[in-house]
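Please keep the sequence and the structure in view while reading.

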Amino acid sequence: MKVMAFGLLLTALVACSTVDRGKAPALQANADWTVLPFANHTETPMAGSRAESVAEALLHARGVGRVKRYTNSAQAEALFDAADTKRQEQALAWAKEQGVRYALGGAVDEWRYKVGVDGEPAAGLTLHIIDVQSGEILWSGAGGKSGWSREALSAVAQKLIRELLNAGLSGAR
């Protein structure tokens, strides 16, 4: 009975997350990085900026080389902003000028508390690692995760971004 209950609990926990990711590329361990402005494809204002901040902090925590901050992304992030691509291209051009080796880009597709009695947090996003000099996407991953009713949305997003980043950075040498 206990084994069956544990199996059901484990199945429920696994069902809260979906992640697809490519094979980790061979990355230079001490290279310079930047985080590009994340696109916001949600109805939640500033969701892209929030995910971007979490990703930058997790890059630092992961111990990649130096992370250079692109400071010209302080523009207001509007709902359904068509300028996302332009901001990302400007940041990538800046990174190239700065001699940055890798850029982490992304898009947020879900960032909300689900409607209902429990109001579970839910986050969905894509990440990609770009070779700044060539513009080539070296790795990409996408995922969605929901949490329990008492869990913070930022915590759910942080777990998802960490899982994706760990997959993308596992080839660093």
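In which helix does Ala-157 lie? Ala-157 lies in helix α4. The model is a predicted one, in which local features need pLDDT of at least 70 and side-chain atom pairs count only at pLDDT 80 or more, while totals for chains, interfaces and linings use all residues. Residues are numbered from 1 along each chain as its sequence is written, and side-chain values use heavy atoms, with hydrogens and water left out.

Ala-157 counts as buried because its relative accessibility is 0%; buried means under 20% relative accessible area, exposed over 50%, and partly exposed in between, with a 1.4 Å probe and protein chains only. Leaving aside neighbours within four places in sequence, Ala-157 is in contact with Trp-111 and Ala-123, where contact means heavy atoms within 4.5 Å. Its C-alpha atom is separated by 9.4 Å from that of Arg-50, a residue 107 positions away along the chain.

The helix around this residue, α4, comprises residues 153-169. Helices (H or I, at least four residues) and strands (E, at least two) are DSSP runs, numbered from the N terminus. The 17 residues of α4 reach 24 Å from the first C-alpha to the last, close to the 24 Å expected at 1.5 Å a residue; the expected span is 1.5 Å times one less than the number of residues. Besides Ala-157, the buried residues of α4 include Leu-153, Val-156, Leu-160, Ile-161 and Leu-164. Their cover includes the strands β1 (17-21), β2, β5, β6 (121-131) and β7 (137-146), together with helix α2 (47-62).

How do α2 and α4 meet? Their axes come within 10 Å and cross at roughly 50 degrees. Axes here are lines fitted to C-alpha atoms, for helices over the stretch in contact, and angles run from 0 to 180 degrees between N-to-C directions. The two helices are therefore oblique to each other, since angles under 35 degrees count as roughly parallel, over 145 as roughly antiparallel, 65 to 115 as roughly perpendicular and the rest as oblique. From α2, the contact is made by Ala-51, Val-54, Ala-55, Leu-58, Leu-59 and Arg-62, and from α4 by Gln-158, Ile-161, Arg-162, Leu-165, Asn-166 and Leu-169.

In the loop between β3 and α2 lies Met-46. This residue has a positive phi of about 65 degrees although it is not a glycine, and it is partly exposed, with a relative accessible area of 34%.

Helix α3 (residues 84-98) has 15 residues and spans 21 Å between its first and last C-alpha, close to the 21 Å expected. Its buried residues are Asp-84, Arg-87, Gln-88, Ala-91, Trp-94 and Ala-95. These residues lie on the same side of α3 because they cover an arc of only 120 degrees around the axis, the arc being that of the directions from the helix axis to the C-beta atoms. An α-helix has 3.6 residues a turn, so residues three or four places apart point the same way. On the other side of α3, Lys-86, Glu-89 and Glu-97 are exposed. The strands β2 (33-35), β3 (39-40), β4 (67-68) and β5 (102-113) are among the elements that cover the buried residues of α3. Just after the helix, Gly-99 takes a positive phi of about 75 degrees.

Finally, the chain as a whole has four helices and seven strands, running α-β-β-β-α-β-α-β-β-β-α from the N terminus on. Of its 173 residues, 44% are buried.
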